[in-house]
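Please open the model in your viewer and keep the sequence panel beside it. At each stop of this tour you will be told what to select, and then what is there.

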Amino acid sequence: MEEKKNNVVTEKLLNPMSGWVPLFLLILGLFASIGIFVLSVIQLSNEVFVSGGILLTVSILAFTADCICFAGLKIVGPNEALVFTFFGKYYGTINKPGYFYVNPFLTAVNPAARGSIQLNVSGASANMTLNKKVSTKTMTLTNEKQKVNDVLGNPIIIGAVVIWNVENPTKAVFNVENYAKYLSVQCDSTIRNTARLYP
């Protein structure tokens with residue numbers, strides 16, 4: 001039987017360009033494509049079909065390309081990171097705050113992002129609002145009271161508050177299925193194992 005290798009993804013930090021100049025150029029391109037479209041309509045109404053048709057085609061293609069390029073504008077807040085893939089392969093991570101322009105075909109990935117979730121695994125609960133950005137802020141996870149046995153077998157009720165943060169966004173996204181649920185399950189297991197060590 002062949003052993004499966006655990007493919008650990010190493011973090012590659014991106015240094016993207018500022019998004020302000022591309023934003024200005026994209027807005028200019030948008031107005032230019034609209035202007036070319038108006039010019040093509042005027043040409044076509046004056047029965048100049050060849051140049052009017054060419055201008056119409058150019059304006060539609062320019063407008064479409066401009067709209068696609070707007071997808072490359074990204075905002076990263078303080079204590080946030082964006083992990084990108086390019087057609088399924090890991091591309092890089094932005095972990096500094098700012099307004100950036102990246103390849104518009106990059107996709108931000110965060111498997112834990114499913115809107116607002118209420119974690120409740122074996123008594124541990126947390127309410128988190130997740131999106132494609134990975135938060136590196138310090139957060140708390142309240143593990144509600146649960147009944148466990150101590151080393152003598154006596155049932156006790158125990159709970160915990162865990163303070164945590166994501167240190168490596170790339171590993172959090174690619175090395176576990178859902179890092180928020182993973183933390184909750186690990187917290188529950190650790191509390192049970194710790195309680196069993198003491199009377």
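This is a predicted model: local features need pLDDT of at least 70, side-chain atom pairs count only at pLDDT 80 or more; totals for chains, interfaces and linings use all residues.

Begin by colouring the protein chain by pLDDT, which is the predictor's confidence in each residue, from 0 to 100. Confidence is lowest in strand 7 (residues 115-121), with a mean of 46, and highest in strand 5 (residues 98-101), with a mean of 96; helices (H or I, at least four residues) and strands (E, at least two) are DSSP runs, numbered from the N terminus. Over the chain the average pLDDT is 85, and 88% of the residues score at least 70. Now select residues 115-129, where pLDDT stays under 50 and for which the model has 39 contacts beyond four places in sequence, a contact being heavy atoms within 4.5 Å.

Residues are numbered from 1 along each chain as its sequence is written, and side-chain values use heavy atoms, with hydrogens and water left out.

Next, select helix 1 (20-45). Its 26 residues should span 38 Å at 1.5 Å a residue, and its end C-alpha atoms are 38 Å apart, which agrees; the expected span of a helix is 1.5 Å times one less than its number of residues. Within helix 1, show the side chains of Pro 22, Leu 23, Leu 26, Ser 33 and Ser 40, which are buried. Buried stands for under 20% relative accessible area, exposed for over 50%, and partly exposed for what lies in between (1.4 Å probe, protein chains only). The buried residues of helix 1 pack against strand 1 (17-18), helix 2, strand 2 (73-76) and strand 5.

Follow the chain out of helix 1 to Glu 47, in the loop between helix 1 and helix 2. Continue into helix 2 (residues 49-69) and pick out Val 58, which counts as partly exposed at 38% relative accessibility. If you draw a distance from the C-alpha of Val 58 to that of Phe 37, the two are separated by 8.2 Å, although they are 21 residues apart along the chain.

Move on to strand 3 and select Thr 85, which counts as buried at 10% relative accessibility. Leaving out residues up to four places away in sequence, Thr 85 touches Tyr 90, Tyr 91, Phe 105, Leu 106, Thr 107, Val 109 and Phe 174.

Which residues do ring pairs link into a cluster? They are Phe 86, Phe 87, Tyr 91 and Phe 105. Rings of Phe, Tyr and Trp (its six-membered ring) pair if their centres lie within 6.5 Å, and planes under 30 degrees apart count as stacked, over 60 as edge-to-face and the rest as tilted. The structure holds six aromatic pairs. One of them joins Phe 86 and Tyr 91, a tilted pair at 6.1 Å centre to centre with 50° between the planes. The rings of Phe 87 and Phe 105 have their centres 6.3 Å apart and their planes at 25°, so this pair is stacked. Phe 87 lies in the loop between strand 3 and strand 4 and Phe 105 in the loop between strand 5 and strand 6 (106-108), so the pair ties together parts that are 18 residues apart in sequence. Phe 87 counts as exposed at 66% relative accessibility, while Phe 105 counts as partly exposed at 45%.

Now select helix 4 (residues 179-195), whose 17 residues reach 24 Å from first C-alpha to last, close to the 24 Å expected. Asn 178 caps its N-terminal end, where a side-chain oxygen lies 3.1 Å from the backbone nitrogen of Ala 180. Among the buried residues of helix 4 are Tyr 179, Leu 183, Cys 187 and Ile 191.

Finish with the cysteines. How many disulfides (pairs of cysteine sulfur atoms within 2.5 Å) does the structure hold? It holds zero. The sulfur of Cys 67 is 9.4 Å from the closest cysteine sulfur, in Cys 69, which is too far for a bond. Cys 67 counts as partly exposed at 40% relative accessibility, whereas Cys 187 counts as buried at 7%.

Conventions. A polar contact is a pair of N or O atoms within 3.5 Å; within protein, one must be able to donate a hydrogen and the other to accept it, and residues adjacent in sequence count only if both atoms are side-chain atoms. A disulfide is a pair of cysteine sulfur atoms within 2.5 Å.
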